[in-house]
Every structure is written in structure tokens, then in C-alpha cells.
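Please read the numbered points with the sequence and the model in view.

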Amino acid sequence: MKALVIKNLAKTYKGGVEALKGINLTVEQGDFYALLGPNGAGKSTTIGIISSLVNKSSGSVEVFGHSIDSELELAKQHIGLVPQEFNFNQFETVLQVVVNQAGYYGVPKKLAIERAEKYLTQLELWGKRNEKSRELSGGMKRRLMIARALMHQPKLLILDEPTAGVDIELRRSMWQFLQDLNEDGVTIILTTHYLEEAELLCRNIGIINHGVIVQNSSMKALLAKLNVETFVFDLALDSAECNLDGYAYRRIDDHTLEIDVIRGSELNGIFSQLTEQQISVLSMRNKANRLEELFIHLVSGEAKD
Amino acid sequence: MSANYIAFKSLLTKEVSRFTRIWLQTLVPPAVTMSLYFVIFGNLIGSRIGQMSGFSYMEFIVPGLIMMSVITNSYSNVASSFFSSKFQHNVEELLVAPVPTWIIIAGYVGGGVIRGLLVGLIVTVLSLFFVDLKIHNLAVLVISVLLTSTLFALGGLINAILAKSFDDISIIPNFVLTPLTYLGGVFYSLSLLPDFWQGVSKINPIVYMINTFRYGFLGTSDIPLIYSFSMIFIFVAVLYSVAYWMVSRGIGLRS
């Protein structure tokens, strides 16, 4: 079963800005899918059209087999949306926000309160249920939006940068929560600027740039394309100049060395040469997240499928 | 319970709790304003005016003043609530949910109608301190106040849909609604006007509402009842159609 099928989706805004240029995308039921792209690439427009906050110019969208043109209300019933901006009523309490939203989906109040307790507890907000939502911290507001989106138990959850501005500890607990949801059968589409988040969570990935899908594949297949990794070596302060045969390298400063290594090759050669030259290595790390490197290549047009 | 009923109840409850939560801004000011009208126009000036259409001036203006408060409150409730939802983007909660357009309209308009009726009731109770009100025809009274508050709640919704700033939701009440209400026969009988101005007044929809409502209390109207009701029905139908078209097309709501 396809959770989402997008065909030739195009959107041109009134001012003439062509946000989407006929994209095609399919997300399978149960998938954890990353939709990535730089700012202004068309991610939020795509999400807006799926969730009927933006009118499309042409093309079609089906959610679990229901077209947003002919069966909009059925399609909406399957979608839970966590938007980028806080868009709940800041004057309502946490409980009112989630229970009202459940009501819009036809969930009776008694059941809505049961679900509110379940999701607010899981997201560590139950204790705050009677507080005004504007009084919550940024991280709590993000979690409140996730709880609100789950109140009608959607089969497809769309999260538009859900961890933006959230500290790493909280981000990790949100990752675990989303992974558990996905294991329970909820299809998840995630947009994020934290690429390690996409790499960690998602099985499939689409990269959109200038309104065009430039990459749509499994995460494994995409990462396999990366054939060079850059390592950063922190050297002891009194290290001499080095000369590494067979490696591309750069001396960044007195105690930092960057070395490009072909994926899969051993690092022992590097250490042997550095030891021979009496250069002490204090620590070593990847220069950047692997996906981040690919992402930059793809959106800057340096790599093609 | 059907999903639509639950959605309507949720939206209506939210709307009613919004204006009751800020009762000092929504319920008290019209009560104070209308009390001043009763004291100044009814008691102090009215006693010198004498009778109007066979009733004391106070008896004559009370139905109009009640209707005036119903009109302004029904309108401003929906205009400010819907525009605030748009401004804070929480209208998106409704737009992403499978709520039919007519439920969205009914929920917001219902909230406006309830506030209008509540304020109307408060003003009516206050008027009892100044005049001995009698009801001539309860059915006419109830139907006219319901239709009028519905009409202006719809007007407030359309205003909010089209508004791009908070200024835009105050322009219509200040520059259209208030003059039309004052010229709608709240303070005078149309029969006092020259023929030409009587004809001009009949373009003003508020004339029909105030006269119908006044008939419910006093049993007298400048315009035949059937004609007034027909006009109000037509206005309600037209504004509902416009509001439905706008919300379903996402005008002012979707990019």
C-alpha cells in the first residue's frame, strides 16, 4: 500500500515564483522518509499541498489511495501534521489545544481526554496540561504540536522540522518517540536541517532543490555513493611538517590536519607515516556528517544520479 | 454522535469560551454604553421629545438599541476571532482537519450569534430599569434577532477572511456598520423623514431588522413585516453563499 503518491505536482505562487516544477514522489506505508532540501527548495510547499494548506497549480496527490481532489476529507483523516511554526492558540491550555484538535476530527471528548493523557504523558507534558500553551518552553511547544497531530491517530505523520531549536537531549528523546511510532506502523515523513537526524531515523530519502526532486532513493543507496571521507586529525602542538604519500591532505593550522580517505580503505597507512615522521595524533574525527557532504554535493549540482 | 456534530460542538465551545474568558472586553462595554444611551437619550433628552409612533421615546428606542448591540457584537466577535486565528495561524488546525466548510462557518457564526444574543439579553435586562417592556409577538422577536445576528456574524466572517491587518477589521464597523445603524431608524421613525429620504433609507438593510424587531415589542413597524423578513432572508442567503465560496476556495486562507 502506498501512503503517499505525488504525480507531476506543480505550484506557482501569485507573484510568479515557481515553487514546485512537477515533482513525482511515492512513500510506502510504514516508511520513515526524509524530505530534505535547502531553504526555499519547495519542501514546505509540498507539505502544504498534501495537508491542504496550499492550493496546487497542477498534478495529483493521493494519501492512502484517497485523492485530495475528490476525497479530501478522507485523505485529511489519515494525515497528522506537525508544522514548522507554532500555530496553536497561545491562550488555550495544553489540554484544550489537543482536545479541541481531536474534536475537529470527530473524536468524542471522553476518548480525546484518554488519548491526551496517553500522548501528553509519553511526551512528558501531562503535568503541564492545565498551563497556558504560551507559557511552555520552545521544546515543550514542539512536543505539544506532535501530541496534537497524533490525537486522531493518523496513519501518515508529516513533521516539518520538528526538532528545530531543541537541545540535543530532548532531540534524542523525540527521535526515540518517533522511532517507536514508526515501529507501531505510522508512516512518517520528516523534513529537517539536522542531517544526522535524517541519517539516523530515515530508511528512504528525497532531496528537493529549486522545486525539483534531485534524489529519491534508499538512505543506504545514497550513502553508498559517497566514496571519499574526510578525517580531521588533531595533532600535538609541536608537530613537525608532514608529508603523506598516497593521500590528499591539507594542513589547516599548527595542530590540525585534514586527510581525504577513499571509502573502505585502511587508515593504518596514515598512522604509520605519521609515526615515522614523529607526529603525535591526539584525536581523530569525521570532518562532516556523511549525508551532509552528499547533500551539499547534490544541491550544489556537483553530483548527479 | 457524528463526526460533524463533534467538530461543530468543539468549534462552538471554543468560540464561546473565547469571548466569555475575556468578558470584561466583550460583555461589559456594550452594557455600559447602552446604559448611557438609556440615561441620556431615553431619560434626559427623551422626556422632552415626547411620543414617537404612539409610544414614549424610551419605549421606541429600546428595541433599536438592543438590536444595535446585537448587530455590533455578532459582527465584531466573528471578525476579531477569525482574524486572530488567521493572524496566529491557528485557523490551520481547522483547515488540515476533515471539517466541512459549512461546519467551519456554522461554528464561527454560532459563536457570534451567541455573543450577540447574550449582549442583547444583558441590554434588555438593563432596559427594564428604565422602561416597562412588553412583548407584542415573541415569534417575530426571536426570529428577527436570530436572523439579524446570523447575518452580521456572516458579515464579520467575510470581513475577517478578506482582512490583511487588524485595521481592516475595524474599517467596516466604524465606517459602514455604525453609520448604517444610526441611520437605520434606531432613534427615529422613518415616517418623520421626507419621502425621498424614506426611499433612500430603504436601501439600508438595518432598517428592516430594526423595524421587524421593534414590531416584536411594540406591534408597530414602518415597513410591512413580510417585506422585512424577505429582505433579511435574502441578505442571509447571499452572505452565506459568499462566505461558503470564500472558505471552500481558501480565499485569504490558503496560498
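**Note on the predicted model**

1. The centres of domain 1 of chain A and domain 2 of chain A, taken over C-alpha atoms, are separated by 39 Å. Domain 1 covers 2–224 and domain 2 covers 228–299 of chain A; such bounds come from an automatic or database domain assignment. The contact takes 13 residues from domain 1 of chain A and eight residues from domain 2 of chain A, two residues being in contact if their C-beta atoms, placed from the backbone, lie within 7 Å. On the side of domain 1 of chain A that touches domain 2 of chain A, the elements giving two or more residues are helix 7 (195–201), strand 9 (204–209), strand 10 (212–218) and helix 8 (219–224) of chain A. Helix 7 of chain A gives the most to that side, with four residues.

2. Some conventions apply throughout. This is a predicted model, in which local features need pLDDT of at least 70 and side-chain atom pairs count only at pLDDT 80 or more, while totals for chains, interfaces and linings use all residues. Residues are numbered from 1 along each chain as its sequence is written, and chains are lettered from A and ligands numbered from 1 in the order in which they are written.

3. Chain A has 10 helices and 14 strands. Here helices (H or I, at least four residues) and strands (E, at least two) are DSSP runs, numbered from the N terminus. The C-alpha trace of chain A spans about 75 × 45 × 35 Å along its principal axes. Of the 305 residues in chain A, 42% are buried; a residue is buried if 20 or more other C-beta atoms lie within 10 Å of its own, exposed if 12 or fewer, and partly exposed in between, with C-beta atoms placed from the backbone.

4. Six of its six residues are buried, so strand 9 of chain A is largely enclosed by the rest of the structure. Asn204(A), Gly206(A) and Ile208(A) point one way from this strand, and Ile205(A), Ile207(A) and Asn209(A) point the other way. In a regular strand the side chains alternate between the two faces of the sheet.

5. Which strands pair with strand 9 of chain A? Strand 3 (residues 32–36) of chain A pairs with strand 9 of chain A in the parallel sense over four bridges, two strands being paired if DSSP finds at least two bridges between them. Ala34(A) stands opposite Ile205(A) in this pairing. Strand 10 of chain A pairs with strand 9 of chain A in the antiparallel sense over six bridges, and the bridge partner of Ile207(A) in strand 10 is Gln215(A). The hairpin of strands 9 and 10 of chain A has two residues between the strands, and His210(A) takes a positive phi near 50 degrees there.

6. A further parallel pairing joins strand 6 (residues 79–82) of chain A to strand 7 (residues 156–160) of chain A through four bridges. Ile79(A) stands opposite Leu156(A) in strand 7 of chain A. Ile79(A) and Leu81(A) point one way from strand 6, Gly80(A) and Val82(A) point the other way, and all are buried.

7. An open sheet of four strands in chain A has the order 12-13-11-14, with antiparallel pairing. Strand 12 (248–253) and strand 14 (281–286) of chain A stand at the edges with a single partner strand each, so one side of each is left without a neighbour in the sheet. Strand 11 (residues 228–235) and strand 14 of chain A are joined by five bridges, and Val232(A) stands opposite Arg285(A) in strand 14.

8. The largest nonpolar core has 142 residues, and those with the most contacts inside it are Val98(A), Ile158(A) and Leu157(B). Such a core is a set of buried Ala, Val, Leu, Ile, Met, Phe, Trp, Tyr and Cys residues joined through C-beta atoms within 7 Å. Helix 4 (residues 57–87) of chain B gives the most to this core, with 16 residues. Domain 1 and domain 2 of chain A both give residues to this core, so it lies between them.

9. Chain B meets chain A through 21 residues of chain B and 25 residues of chain A. The largest share of the side of chain B that touches chain A, six residues, comes from helix 1 of chain B.
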